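Let's take a walk through this one together. Have a look at the sequence and the fold, and then we'll go from the contact between the chains to the sheets.

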Amino acid sequence: MKLMEALRLARAPADAEPFPVFLACGFTPLHLASFLAAHLRRLHPRLAPVVSVGLYGDVPGSLIRIAEQQPAAAVVLLEWADLDPRLGRRSAAGVALADLPDVLAGVQERVELLLARLGAAAERVPTALCPPTLPLPAMSAAAGWQAHGFELRMQAELAGLLATAAEMPNVRVLASRRLDRVSPPGARLDPRSEFLSDFPYRLEHASALAEQLAALLAPPPPLKGLITDLDDTLWRGLLGEVGVAGVHWNLEGHSQVHALYQQMLRRLSEAGVLLAVASKNDGELVRVALTREDLVVSDARFFPVEAHWSPKSESVARILRAWNIGADAVAFVDDSPIELAEVGEAFPDLLCLRFPTDDEGAALDLMEQLQDRFGKPTVRSEDALRAVSLRADQEFRRASTPSPSDGGDGTDTFLARADAHVVLEFSTDPTDGRALELVNKTNQFNLNGRRYTEGAWRDELTKVGSFLLTVTYQDRFGPLGKIAVLTGRCDGAEVRVTSWVMSCRAFARRIEHRCVEALFQRFATEQLVLEYAATPRNGPLREFLTPYLGDVTASECVLRRDDFDRHCPPLFHHVEVR
Amino acid sequence: MEELRERLSQCVAAVFPDLTPQEIPVASVASVSNWDSMATVTLHTLVQEEFGIEIDPDDLEQFVSYELILAYLQEAGVGR
């Protein structure tokens, strides 16, 4: 990005949501601040980033300010001079070789101080920590090609700082390996600019660094599901021609990239990404091939498996229905450009990516791209449950479909026998990452489509009278985990619901009715004010409200207790309130 | 010449977005309240980027008005 473009992009429209970011670094960040605001806006056009800058040459002092000011997010950008001023190019402090142990001791002390203050700052503020991006200045007598013990010890101190910081709940550490790729280390320093204006970066590096920091601070929502082809994608070879034993993924067959792809799929699945297969193949042959014990990703991780000769767009449509998620949250990977085009035409929002079977380098790039699109800062217990709960939901739906002999629709009887357990937990805990994740990714059962940054979420929950209700569910078909979130405020007699989402996997269990009942009971109120707003996709929420409120059109609805009592269907859950 | 003026105007507008098109050609340290040393450095960087030239730090003293920057660029042979 050019500086001109950054300056223009950084100017947000008046109606954008303020997003204060504190940038702590030892030098004068000048254009880096502009690039950071611009890249944040490019990622999230609804935000108006305002970057404020910390104390000159005093990162520990800036960390205190972050803790005091509590911006929406913070960036702590270290260069070597922040660990000891003698390591800066502008100081020229005349360090003698005999001083090196003292420098090292000073760095060790500074690392402890930084960690203590970072921990305090990050308690309330999501913080991106960036390790030095410029090289450690030559301090020893060794030639440039020799790694001196002093330099290695400095690197070890830094690595210790980063590893400890990465384990702090609200801290994310910038990956140097990615920055090295997009901004070559040898082309970062601008010594003239550093000496002239204390801005040490070339513009290209400032832009690349800001882009990575923006993604680290406010990552785009990760995709939820991946649909993969089989032949020449999950494995090498055409199953119909070479048979189950003939397809391969190994070094000997020059097909190792498929083994790495399988390994990546397994990793994604473990992190909660849904996997499915869309293959033009003989169904029985595929069923057998997927049970091969040497597959790196087991067949149990794929659901559904669509293997037949119908168009792949039909397979994708069935998979999306089974998952009950939108095409814009899914990637489709296939080696055939024709298949990708056919599916892409049917689902323009689906991310269609070609698996480059004969180009190992491009295949590795593809996997890196997929890792970025599906990556998430932390893996939660619900993530491991996702695929299991999807199958549980399928079982639930199959079992709940009435048979002709039922007479009525049989729903009440079925739900009464489902042995459903609901845990309703009231709190104001802004660190519940699963709750924020649900609010920010749920589209269908969503009161108003509101999304929150971590800072805005924290602000919402620290308002006077605020509450957060999370709902965890399981029944005899299996656990669904934490599947619903409500936030709101109780201000005297008025209880106002500001956000309400429920995972689509939890539909048809009457959990939403139980949530309303819980609010009436908890706050002993006669009515709830719901901050409803129609969105292109929140039809299921509107349908839920209709029996209680009629046709919902207003931007704010009032649900009365007597209306609720009159229309609420029978509820059969075992309830635990915490 | 017109193209040079236009491109310089874009640089000045990017640094001082509140200026009107009429105010830009007469902008200077004296007339623009937020034209401080930081703005000068940003403008200096922007002009280097826009015109693909390297400007000696000693010449920064000319970056105090639109007209002086324009004259500097003309003298440096930019846009010929």
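Start where the two chains meet: the contact takes 12 residues from chain B and 11 residues from chain A, where a contact means C-beta atoms, placed from the backbone, within 7 Å. On the side of chain B that touches chain A, α1 (2–15) and α2 (37–51) of chain B each supply at least two residues. The largest share, seven residues, comes from α2(B). By type, that side of chain B splits into seven nonpolar, three polar and two charged residues; here Ala, Val, Leu, Ile, Met, Phe, Trp, Tyr, Cys and Pro count as nonpolar, Asp, Glu, Lys and Arg as charged, and the others, Gly among them, as polar.

Before going on, some housekeeping. This is a predicted model, in which local features need pLDDT of at least 70 and side-chain atom pairs count only at pLDDT 80 or more, while totals for chains, interfaces and linings use all residues. Residues are numbered from 1 along each chain as its sequence is written, and chains are lettered from A and ligands numbered from 1 in the order in which they are written.

Chain B has three helices and zero strands, and reads α-α-α along the sequence. Helices (H or I, at least four residues) and strands (E, at least two) are DSSP runs, numbered from the N terminus. Of the 80 residues in chain B, 25% are buried. Buried means that 20 or more other C-beta atoms lie within 10 Å of a residue's own, with C-beta atoms placed from the backbone; 12 or fewer makes a residue exposed, and anything in between is partly exposed.

Now for chain A, with 21 helices and 18 strands. At 578 residues, a compact globule would come out near 25 Å in radius of gyration, and chain A agrees at 27 Å. The C-alpha trace spans about 90 × 70 × 40 Å along its principal axes. Buried residues make up 39% of chain A, and among contacts between residues at least 6 apart in sequence, 73% join residues at least 24 apart. The domain assignment gives domain 1 (3–217), domain 2 (225–374) and domain 3 (402–577), with bounds that come from an automatic or database assignment. The C-alpha centres of domain 2 and domain 3 of chain A lie 36 Å apart.

Five strands form an open sheet in the order β2-β1-β3-β4-β5, with parallel pairing; strands pair if DSSP finds at least two bridges between them. β2 (47–53) and β5 (171–173) of chain A stand at the edges with a single partner strand each, so one side of each has no neighbour in the sheet. The twist averages 20 degrees from one strand to the next. Within this sheet, β1 (17–25) and β3 (73–77) of chain A run parallel, joined by five bridges, and A:Val21 stands opposite A:Ala73 in β3(A). Helix α3 (59–69) of chain A lies across β1 and β3, at about 155 degrees to β1(A). Axes are lines fitted to C-alpha atoms, for helices over the stretch in contact, and angles run from 0 to 180 degrees between N-to-C directions.

Further along comes another open sheet of five strands, ordered β8-β7-β6-β9-β10 (chain A) and with parallel pairing. Its edges are β8 (302–308) and β10 (351–354) of chain A; each has a single partner strand, so one side of each is left without a neighbour in the sheet. β9 (330–334) pairs with β10(A) in the parallel sense over four bridges, and the bridge partner of A:Asp334 is A:Arg354. Helix α12 (312–323) of chain A lies across β6, β7, β8 and β9, running at about 160 degrees to β7(A).

Finally, which strands flank β13(A)? β11 (421–427) of chain A pairs with β13(A) in the antiparallel sense over seven bridges, and 10 bridges join β13(A) to β14(A), again antiparallel. β13(A) and β14(A) form a hairpin with two residues between them. Eight of the 10 residues of β13(A) are buried. β13(A) is also among the elements covering the buried residues of α17(A), which are A:Ala435, A:Leu436, A:Glu437, A:Leu438 and A:Val439.

Technical notes: Rg over C-alpha atoms; globule rule 2.2 N^0.38 Å.
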